[in-house]
Amino acid sequence: MKKVIIFGGTTEGRILAESLAHEQIGSVYCVATEYGKQQLESSEYIQVRCGRMDFKEMAKLFSEVNPDAIIDATHPFAEVVKQEIESAIFTYKDVPFFRVVRDEENVDYSNCTFFDTTEECAAALEKINGKIFLTTGSKELAVFCKNESIRERIIARVIPSEESIRICSENGLKGSQIIAMQGPFSAGMNLSFLRESEAKVLVMKEGGKASGEAARIVAANKAQIPTYIIRRPEEKVKGYSLFETRDKVLQLFGIKSTEYGVVEGVDTKIYVTLAGFGMGFGSITAEVEQAILEADYIFGAPRMLVGIETDSKKFPYYLAKDIVPKLSELAADIKFGTKKAVVLFSGDTGFYSGAKKLKEALDKEPLLKANILPGISSISALAARIGESWQDAKLLSTHGVEEQLWMPLLTEQIKHNEKVFVITSGSKDVRAIGEILKNLDTAGTPRFSILVGTNLYADEKVQRLSIDKCGNFNEDGLSTVFIKNNKPEAKVLTPGLSDIAFDRDKVPMSKEEIRALSICKLQITKNAVCYDIGSGSGSVAVEMGLLDSSVQVYAVEFKPEACQLIQKNIDKFGLKNVHLISGIAPDSLHDLPAPTHVFIGGSGGRLEDILQVLMKYEKPIKVVINSVTIETIAEINSVIKKYNFNDVDVVQIAVSKAKKAGDYNILQGQNPVYIATFTL
């Protein structure tokens, strides 16, 4: 079995052991304490040896294991251990040996002071007043605690092991001076520690990227305090980066890595944060701000990038088709280590945002790993400005949506709900909303209160508008609209409008009871596409359209007088989701979207031709046909028998309605109607 010995207890050691195990290469993973193995994934290919060893014990281990390679992935400041490893290697047979060195950080060191030794750093602290946030670990603690004036001001952050806490206690630190926590710590967390402890200086070792060096320096710079850094010891043996070491070991065993030095399925090269940018800098959350500060690359619309003053590379991309290829290209060029990227989305990532689709695309890229941070939406901001809640309101967005899709939905929501919030693309959408409100406001007394917030958090303006002013709105910038309906109409959830609700003239019309039953038989669902063939007065089409604004209805009719009447009824009910198609079926059906539900009230003698066109669609279609003539009934029965349709249901309905005759009501019969239902 292929086997290596890894001296670890570090992030690099853990990653090496786990990535080699992924390739079925065994390792004896050596750590000084129990704590050093806690973060390691359990694997049959990893054998953990716990406890400190001198060079003789190491040499004995080498003889027992007979490894194919030995790796020193200990901490950069573990000088004693490194010397013991070198001595043990010298006494052992010739075997490949690799020492891992940490990648350098790319960070602003302008507020940092470097020291060659711990003693020099401790001496400099004597001249600094105030609390000292010490993150050098417990081993060097004695040097800092010799001086009582320093010891009393120390806040020491150490790993939560019994040994570390014991060393803190032995050196005179009180419980209030000890923070025992496991990293990694983000810059935001470090900043919180610095502010909470009222630190006047941050002390750390030059640990490199895996130690979270940059996150601490960024936090200290943000807190406007200096950072004292103890330089890492100079390497006496040639070292390799983590991934160089891993690849060299793989090459020993004839395992080929990718051309970018990455073993597939193991490594992430860029950690991508999809971040809600709110309405701008004044509204971003602290975690989004921190992600921006730590980012190597930032993507977003140009208006978002303008005020970002960091050393990161910026790309004015906001579409997945541009972002994903660029990130993949950047990741491919990273030979060693990892980078961070932020993609900025206006408002909140969970509300009408492209974040979800972008994450799905990024999740397919092996070198990229994405997470999402929320932001503050303009709706929640406007609600706060005007003192309204939004949890009981309807929320919509017209931004980037075609009018034929959002206008019927918004009309329905305004008509039947007390409160509606709308994110718009700008003044054009606000004017269109004004027209909707004008058409709905027919009672004579004002029903609607309208407030518009423009450019929230940046030269913002929140104003109350009348319907007329809303229709003439011309403010530059992004606007969010709040509409309050003082008299919302209760929405009827079933078909069944009275016949007198429609304009009719002399055009034939399905009677209300038949119309209601036929539409119920169709079992129309949300987002359905419905045909009303032989629409006549358009009563069936109108009732289908009124069921839900997501339903798209196509009223097909060839008689000019009937077409005029259909359009009149569509306009009467203010429906934007019902469309008049002037023409003969099936010829006029070819350019329409594929239907899910079809009502046939008149076929013009071409029923079989119509059904043959409908049968060409792949998805099942629910069909309801009405007939009052014997000839059409015979035609319906013929096609049902010929094509053997599914779920056939045939019913004949005879309706009698009461009619006033003097002091009496006489039941007057209507023509019986034959209703056939089936699935194509």
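At what angle do helix α16 and helix α17 pack, and how far apart are their axes? Helix α16 (residues 403–416) packs against helix α17 (residues 427–440) at an angle of about 45°, with the axes 11 Å apart; axes are lines fitted to C-alpha atoms, for helices over the stretch in contact, and angles run from 0 to 180 degrees between N-to-C directions. This is a predicted model, in which local features need pLDDT of at least 70 and side-chain atom pairs count only at pLDDT 80 or more, while totals for chains, interfaces and linings use all residues. Residues are numbered from 1 along each chain as its sequence is written, and side-chain values use heavy atoms, with hydrogens and water left out.

Helices (H or I, at least four residues) and strands (E, at least two) are DSSP runs, numbered from the N terminus. In the contact between the two helices (heavy atoms within 4.5 Å), E403, W406, M407, L410, T411, I414 and K415 of α16 meet K428, D429, A432, I433, I436, L437 and L440 of α17.

Elsewhere, five strands form an open sheet with parallel pairing, in the order β15-β14-β16-β13-β17, where two strands pair if DSSP finds at least two bridges between them. Because β15 (313–315) and β17 (368–373) stand at the edges with a single partner strand each, one side of each is left without a neighbour in the sheet.

Within this sheet, β13 (residues 270–276) pairs with β16 (residues 339–345) in the parallel sense over seven bridges, and Y271 stands opposite K340 in β16. Helix α11 (residues 286–294) lies across β13, β14 (297–299), β16 and β17, running at about 130° to β16.
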